[in-house]
Every structure is written in structure tokens, then in C-alpha cells.
Amino acid sequence: MSRVLRILTLFFGLGTWVSLGEEVGGRFDGVLRSWLAVSTNLTSFEAEFRQTRHLKVLTEPLASTGRVWFSAPDQFRWEVGNPPQSIALRSGETLVVLSPRLRRAETYSLGGASSGPAKDLMGLLDGAFPRSLEEWKRRFEVVGVSTNQGVLQLELRPRSASARKLMPTLVVGLDPGSHGLRLTEMVMADGSRIRSEFHSLRTNVPVSSNLFQVQLDGSWKTTQNDVQP
Amino acid sequence: MRRWLLPIGILLALLGLFRLQLDSDPLNLLPADLQSVSTLRQHQELFPSARELLVTVKAETAETAADLAKAIATELARHPDLVESTRWDTGFQESIAETFAWAWAQRPPEDLEALGQRLAPGQVRDALATRREQLATTLDPTEIARFGYDPLGLLDVPGLSGMAALGRTQADPFSSADGTFRVVSVAPRNPAMPYRAAADWLRQISGVVDEVQQRPDLRNGGGAPAVAFTGYVAIMAETANGMERDLTSSVSLTLAVICLLFWVTHRSLKPLGWLVVSLLLTFLVTLSLGAWVLGGLNVISCGFASVMMGLVVDYALVGYQEMRAHPGQPLREIRTAVMPGILWSAATTAGTFLSLRFAGLPGLSELGTLTAMGLVTGAGVTLFWFLPRVAPRTPVGSATSAEVPPVQVPIPAPRARAFAFAGTLALVALGFGVIGLKGWPRIEGASDPLLPRHSASHEAMEALRQELGRTHKTSWLLIRGAGPEAVQTNFAALMPRLEHARRAGEILSFQIPAALWPLPSQARTNLQALGQLAAQREPLRTALREAGYGTNALHLSEAILGRWQHWVTSEDGVPTWPDSAFGRWMAPMTSARAADGSWIGRGVLETPSTREGLPTLPAGVEAAGWENLGTELLSRVVGRVRVLTTVIILALVVCLWLAFRRWTEVLLGLGSLALSFGLLFTVMSATGATWNLLNLVAIPLILGTSVDSTIHIQLALRRHRGDLRSVWRSTGVALLLCAGANIAGFGSLAWSNNAGLASLDIVCAGGVVCVLIVVLLLLPSWWIALHGETSAPEPQARPSQLYGQRAWQMAIWLARHVGRDSLALVSRIGMRLYLMVRPDRVDQVADNLGPVLGQEDARLLRVARTNCLQFAEKLVDLWRLEAGIRPEVRLGGETEWDAFREAIAARQGVLLVTVHLGNWELGGPLLKDLGIRPLVLSAAEPDAGLTTARAQARASHGVDTLVVGSDPFAFVEVIQRLREGGVVALLLDRPVGTGVETSFFGRSFVASPAAAELARATGARIFPMYIVRDALGPVAHALPEVAYQRADLAGPERRLAFTSHLLATFEDAIRRHPDQWFHFVPVWKSNPTSGGLPSA
């Protein structure tokens, strides 16, 4: 019980945080640079994914499908569910998380001075699309690199302590040859894992800018995440 | 009796010092009648967290910070003698189930009904399926956690959006977002401890914290964590210690500068020692008085000591300078001479400082009161303690006056006038240029001036605010209600308004504890519904397992259901606040009970740093924040300062008019003050200095304390006929010394730990410097430009304006109805008061007596003052005479009058000549006794009515009056009267008509030629006489007859010589009675090239 409460507390940002290993340094710069070279040449990215959530509270994993769009330099759209149950839209420094079923929209200002575990974690959703090594390294450190089932896996640790409270580890899977994105896996504080495997990838094809725009009618309940009503 | 006074005084002083308290509470610096101040004070009193110590920990890693914070909290909690309780987190971690179970109990019954329906056996499976779907698709990590560990949605308490958002946006009050900064709150065992105890307590706490930091298990590499202390106790202890330091350092610095100035000027150790002792005595007596009157000092008023010393030392310097200038003069006379000036100065300066009581800030009010008390005390100590100790035991000869070292100061050449005018223009141009470029000095609205400048506890508080993301202005909201339900109703009314204000940008955010507010009556109503829900435990458990949830997912739901079951079965029911660590933290943080039993909820409001003021709030809600006080306070202070300045300027105009009686000089005084302020503004603008809450009151202070400089310098210019060199040597140097001491007094607080006090004193010191520059360098040249350096107006060439018919008749009426002694007492008091207002009259009399007593005679001022008081006695006799009350006049000696009697008996014409020595008018009744009706030659009085009235009064006791000057044939009548053997009386030392320049006491003197002219025309016998007052009353003296041959008076030169001869017969009498030679206008001819003085 106490472990459960502790984990729950972490999600509310009021508990202790999980201890992490020390900085690995620049040992994996070669891999990173190769990945970065591919990523920086990426003007757009479109894929479908199958997401599996291995949650500690459930006896069986939860599976869902979704789609993702990325447009350089800083726009992306995640849709989970079919029809979409959750949508994350980032454009510049603004991230909007939509819950169509609940008609709920939450806005995060990623450039603001304030921080928090949820906001910091949301800010890492585009971590699989690095544009600058220095900028990317300010947000992540590489803990290890391995190859598993033909996928080059980078084990990353968020530098934001508050993000680490929720997600101590992020795994990015790359194609060993092309360094294209193959999978991401978020390892949560309680050991739960959320794995997204990408397929039907299309790169550098025109993506409608409308995909990244938020157009809400009056039926939506909006929440500005930076203020506390 | 007198021998008991000193011990009693010492005892009272010691008792006062014993009860002296240093008030380090910043709230006590604020006006209690301001609503926001009152709200802040209530917040301070009602909410214990406002009085806690906060220990902050900053480490390189979040783990280190958390470990150390926890260890500090744990270790301090082991010292119950010091600490009531400690906190290093909210306790939410172990309180989730209790908190949410309790929150459901406070909800309206319909919410529980809806929950019951959602969890009913037929519905729960659908609910769980929806939950799973959300769990599968949500992108929000907090939702993943909540949906997983709370499958039944028992954390979805309606209206608890604040709690739901707790994990998203609300900062942890004990930790920064990255966890490297932690806060430990420590509730002291005795939160009301005085500041010294607080300082000791803080030292002990610091010792415990140091020990914790040294523990090996907490040293996990990296840099040592930084630990700091802040919060009420730390701030109070540090502020009080800062006050003690300010008090001692400013007093020491002021004393050091005063000693330096005194040593440079006088180079004498003994008086210097007594000066220091006198100042310290003044300080201690004032401190004791302050303790009795005010009860103690605060951070602002503790600055009184140096300000007071810097001003009081002027009195000692004046007294000591007088003593050195007149080395042979007895102490009593010295004291009599300097007392009016010192008391007048003390009264006016104290009055100025007392005006601070109306400045609107209690701290300043107490500073003003203490300084005023110190000034009056200092005047007394100087006159009755310092002067007796520095006075020589035995009088020394006047030769010692040569020991006074000549002060070498740069003396402006006469040509400096043009240079000074250029300086005026340059100053004005500089002012316009600088202010035109950089603008007027700004007025800061912040309340920062009330806080310490360099304070570890304030820096720690600032770091805490930054780390916890509280970068905006924070205000507390106090929401009142008779009971918790009424408070909740007020929450409901308040929140829409705040939301509206938030949307309008008036506020940034607000937090109201509406979602976690106890509603005991509602909780009692809900017990049955809670019991029914708790009874569903087993079916819910089954449904969860069937939905694929593991045991992990059941713990929270089981715990909440268990709490409900417990409350249903226990006698106490639902507790008022959650019975958990979080509840025990939250309850005193969000609620309080007022003395009348009403409930108060506490909310928090954040407003933008750039925005002033707070939105309008409904009834029952008050808001206040230290950062939002500035504007309100400034508005009050600016209003008060405006009124104060206006009043003081009006008072200055009156003072200047009383001192000068000339609008040109009044305007020069005001102009020099205006330019001084212009210079001060220019310097402030150039240096980027700003006005604030406290230093704004420097404006009336500088005005009040600087006006005497303009008076002294202009009176000196008059006295020395515009001779800049003499003005510099006398008044200029004295002003320089006094200003130096004043600047030391104010300037020593420039390093005060209190920002406002330091800025106030810097501006005051700067203001004194500016005044000094203008008054010493520019004002003299302005004065000379208007009056001319060598043709300066003769000061006070007119009699007093009180000398008029109405006042005279009133005095006669009084003389008729009041006894002589009583009237004499009133007259003397009136004269003393008059001399306080017009001290220049004494100077004038002293100038007139200079040739009589010798210019360097130490008695000059004393005799001049006695002369004025004797004149008051003379007036009484005169009024009584004119009221028909004949005085008893004795004859000076029988033989003195023989020749006069013989001349009368022979019916030879007699010319009685006299001077303004004593009361010659009393001779009328004497002559009447001899059967003589004399004719008195008189000048016209200031108004015609008075001339007539006085002539009628003389006629009533047998004296005819001839007003010379009004009738061109008057002298024909006089000659006729003498030829017929009559008696004519006239005054030699005040010419009626055009006078002639003669010699008197070796000086050029304008006298009346009438006696010589009448002698030549009639051959009348001439008898000099005078009537003076001695211890027994008036006594008439006849001097030997002045014999002459009419032929010897043929030419004007001979008549002039004869007039000088006649005057010379009075020199001995005047030397014997200098205190009764009454002249209040200048009598000595200063410019030999000019013609005779106009008749007076």
C-alpha cells in the first residue's frame, strides 16, 4: 500500500524523487551525431504506431494505435486511439493536449519560467526529434546504448528532476543503418512502460500546417496550465 | 530638596532604561489605521505559519537537499525545549486516502449520491471499462498514474480542481521544482519570545543544524549544501541586532566627527571630554524618556541618537564659543546671554521634528518625538551641566580672549559678488540641464524602505521566493464568516470575482481553500451515504479484479472505503480536519479562529509585479500583502508631507518676517531655501537617487532645520554692513561647524541597516550641504546686490511697531488697575518674549553700548539685555505716571539742587538738558512741587493720536509739550518762555529735526543742537539732570550747572563744541548706568561722509 501511495504521490509532484545514476558524458556522441544528422535533415515525419502500455496496476497490457506527425523545426502532433482519444499538439513553445471525448484542452507554455513534473515531461515528447546536439543534451543525457532485436536503443535520462519524478527513463529505438526512428519507450517511476513502435513511416513529405493548429469551439473546456484557479 | 533631585532623576532614568524595548516588528512601522496594515497584523497574529522559522537548504542534487532537510526537521523535533514542531513536507504522501475520504464527506449529498450510482453493481463495470480506455489513450502522465491507481475514480472529488491541479502546477511549498531547494518550517516553543531570546534561540537552532550538516551519512560528495534561516523569528532577531548595531555605530561615528570638529576648532581636551559626556548624558536621558513615553525604539526611531547629537552639539558649541569670546564673564551671564538663542533654536527644531508625528508612519513619528525630546534635553544639559563644567573656576582677564585661535577660512573677495552671481546662474543652468536630461528624482512606491538593506534572512527569503516560483507580488486573503459554512459561502461569492479579475489581467492567480474546507454539518449529513458506499467494498473488489486490475490498483480504494467505514462506526464521526499529517499541516495554513469565535479562511493572491493595488473585494474579505503596501503608504505619506511642507513653509515665512521685518530679506531667505532644494534635486537626479516612503519627510525636516542658517547669515550681513570678511569670520565659520555636526549626525546613519532610515538621513545630510553651499556662497552676494555692500541699511532704524496709541492706552488702563509689581512682572515677561522674537534688538542695544563699555567688554550683551529689562520697568513707571499715579522720586543729593533752586527763585530762564538716561519724564511732578510748569521739547510720536495723548498726559501733571518740527515758529515760543524766566526741558541725544555731528564717548554722534542754539539766543542757565532707578526706586540727579558766555557761542563751530561739551557732562552718569541709557535704534554715526541722521 505504502509503495502505491508513494508512486501516486510522485505523480502529484509532492513526494521524493527517484535516485538516478551519474552523468555518462560524451561517450555516445558518435551515435548521437549520426542520429542528429538524420534528424536535422528531416523536414517532416509521418508514421503510424502501435502503443503498448505495460502498467503495474494491470494484469494485462493495454494496446492502442495512433499516428504521429512532425514538421521541422518544432511542430508535432500525436494522436492516440482510433478515433483519437488523446491528441498532443506542439507548435513553437505551446503544447496543447486535447481529450476529444471529454472536450477538454490543456495548454502548456513550454517556454515559461515555471516548471512542474507534468509540464516538463510534456516538453520531452519531441525528444525523439533532435535538432541540435547542444540543445538536446540540455534536456537528456544518454545512459546507455544497446542493440535489441535489430533496433539500436538509446537509453536516455531526462535532465529535469521534476520530469524524472514521473519518467526516469526514455528509450529511443533507431534503425541501426539509417538511424531512422523505430520506437520509443517511456519507463515510468513505478516501473510501468509505455512503448510506441512506429510503422508506415514517411519522411520529408509535405504536411498540412492545419494539423498543428488548434481550432476549438465553445464546447471545449480549456485549461491554462501555468495558472492555478 | 535639591540634593534629592539628582538621585531621583538617576533612578527614573535607570528604570526607564530597564524597561526600554527594541521593537523589531516591521509591522509596527506602519500606520495601524490602514486597512491593509490591520489585515496584515491579523494575519500575523492568527496564522502560526507567519511566525515560524524557515530553514532553507540548497544543494547540488535533489537527493542531497531532501536528505538534509529531512534530517534537520527530524533532529530539531528532538529538541522539544526549543521547538514545538517541524515540517519538511506537506505530509500529503501518507495522507492521500484520509484526505480524499474526508473531502468526499464535505461534499453536498447529491455528489455522494452520484458517486453511489457510479459505483453501483450495475454501473461499475461500465465505469471501469471507460477508465481502462482512458488509461490506454491518455497522453497526460498524471492521468496515467491516477487512472491506474484510482480505477474507481475516488480521487475525482467534484470541485477539487485545486487538488487535482496540485500535482500539475501548484508549487510544492517545501521544495523547488527541481528539488534542489528545500524548506524546513520550525515552530518555536515560544513564538512570542522577545528579540534577545529570539536571537539566542536562533543561535541554538543554528547549532543543531550545524551538527546535522556535519553528519557523515549526509555527506554524499559535491559541494556542501547552503543552509539559511528566514521567516519571522529570524527576521526579528536579525533586525533587532541590526538596530543595536545601528544605534552604537551611528552614535560612535557622530561622536567621533563631533570630536574631530571640536578639536580642529578649539584644540582643548577638557571641554571636549565634557562635551562627549554631555552628549552621552543627553542620549541616555532621552533614551530613558523615550522608554517612559514611547516604551521603546523601533528600527527607524533608533536613528534618533545621531541626529539628535548632531543638532544638540550646536548648543554646546554656541555656549562654549560665547564663553571663549568673553573669558572674564561669569557663568550666569554667559548662560543668560546664550539661553534665549539655545532655547529658541531647540524649540523650533524640536517643533519641526515633532511635526513628523503627522507624517503618517509610526516609525518616523517616534523618531521625531525622540529627537525633539533629545533636543530639549540637550538644551537643558548644555545650559545647566555642560557650561558649568567648562567655565573657568576663577575669572580670567580679557587678555585670554587673544588665545582664541584665529580661524583661517577662505574669504571671498568683494569681487566674489559677480562670481557668486555667475555661480547662481551656473547652478540654475546645471539644475535645468540635469533634470531636463535625467528627469526629476522618481518617487518609489515600494515598501522596501521599511526593510533592512543587508539582511541574510531577507536574502534567504528572496531566494526562497525565487526557488519556489513566487516571483510576483503575493497578498493574503482573509475570508471571514461566523462559522465554516459562512466562510464557504464567502468563498463561493469571492471566486467568480477573482476569476473575472484574473481574466482581466488584474491578478495573475489565486488560491482559495474552497475544495478542502471543512463543513461539519454537511459531513454529519453525509455519514449515512458514506456508510452505504463503504458497504460496497467486496463487490467493488470483485469488479476490479474482473476488469484486469491487480492488487496494486486496489490499495487506495480500499483505504478510502476503510476510512468511511471507520467514521460511520466511531462516535466522533467525520473529523473537522483530516486526521493525517497533511490535515495537520493544512488546517492552520488555511484556517484560523478569531477571538470572537468566528472563522477565517486564508487564500493567496498573486498580482503582477508591475501592477499596483488589488481588485475590489466583496464584504467579509480582506486582502493585504507587504509588497502591495507601498502604494497605499506612499499615497498617505505624500499627502501628509504635502500638508506638512505647506505648514512649515508658512511657519517659515512668519519666522523670517519676525526676524527681518523686510520682505526683501524674507524673500532672500525663501529663495535660498528654494535654490538649495533645487540643488538637492539636481544631485539626486544626477546620481539616480529616488524619493521613497521615508526620505520624503526630509523635505519638511530640511526646511525646518535650515531656516536658521538664512536668518543668521542675513543678520550677520546687517550687523557687519555687508562686510563679507567679517560675516565669514563670525557667522560663516559657526554655521560651517554646526552644519558639519548636523551632517555628521544625519550622515552617520547612511550605513544604517534600514534602507529607509539610511536614505532619509542621506537626503537630510545632502540637503544640509546644499543649504550650506547656497547660504554661505550665494546668499551674501544676493543680499549685497539688493542692499549694497557699504550702504547697507541701518538696522532697526524705527521704533517697535508695538509703540502705538492703542497699545499705549491699554497699558495705561492696566497701570491704573494693576499693582506696580504685577505690572512690572508682566512687562518684564513681555520684554523677554519680545526679545526671543527680536533678538536683534539686544544686538542693537549692545552696538549702542559698545563705545560706553568698550567694544570688547564681556558684559556688553548682558548689559544690553538688562537694559531692555530696565526699559520694561521704565515703561511701567511711565504708564503709571500717565495714569495719574505719581511715583515717589527721590532727590540725588540736597546740594546738587541748590543752584537750580536759586535760578528758579531768581526767575532766570532755565534750560534743563538731559539724555535718554532713566526716566526723565518723572521729573514733571518734581518741578510741579517747585511751582514750575516746564515746557518739554518733544519729537512727534509714531502716530498723531499718541502724540496728542502723551501731551495731554503731561499737561495733567503740569508739563507743557511742544512738538518740534510741526510748527516753524515753535522755537520763537521756546525763546519767549525762557526769556520770561520759564523752564524748558530738552533731550540732547536724540535730535529733533536735523542733528549735528558731535563727539560722544570718543565716537561720532549725531546730537541735538537745540540747547546750544537756545543758549546763544536767550543766555538761559543750563542744568543737566537725569532720573534713574536704583534699588529703592527712581532718583533724580542734578549735574553741576554748565556755565558759558553767550559771546562764545557766536559761530556754528563753537555751538557744536558746546553741544559736545554738554553731552560730555553725561558720560560719567551713562557709564554708571549703562543699563538705563535707552536707545533701540542706531546712535553712532557710521558714515562720516553722509549727512546728519534724520530726526527720530
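B:Cys868 is tucked away: its relative accessible area is 1%, so it is buried (under 20% relative accessible area; exposed is over 50%, partly exposed in between, with a 1.4 Å probe and protein chains only). B:Cys764 also counts as buried, at 1% relative accessibility. Looking for disulfides (pairs of cysteine sulfur atoms within 2.5 Å) over all chains turns up zero.

## Ground rules

This is a predicted model, where local features need pLDDT of at least 70 and side-chain atom pairs count only at pLDDT 80 or more, while totals for chains, interfaces and linings use all residues. Residues are numbered from 1 along each chain as its sequence is written, chains are lettered from A in the order in which they are written, and side-chain values use heavy atoms, leaving out hydrogens and water.

## A strand residue

B:Thr474 sits in strand E7 of chain B, residues 473–481 (strands are DSSP runs of at least two residues, E, and helices of at least four, H or I, numbered from the N terminus). At 15% relative accessibility, B:Thr474 is buried as well. Beyond neighbours within four places in sequence, B:Thr474 has contacts that include B:Arg465, B:Val604 and B:Glu627 (contact means heavy atoms within 4.5 Å).

## The second largest cavity

What lines the second largest cavity? Among its 15 lining residues, those closest to the centre are B:Trp920, B:Gly923, B:Gly924, B:Leu927 and B:Ala985. Helix H32 of chain B gives the most, with three residues.

Technical notes:
On a 1 Å grid over the protein atoms alone, a cavity is a set of points where a 1.4 Å probe fits but cannot get out, and a pocket is an open set with protein on both sides within 12 Å along at least five of seven lines; lining residues have an atom within 4 Å of a point.
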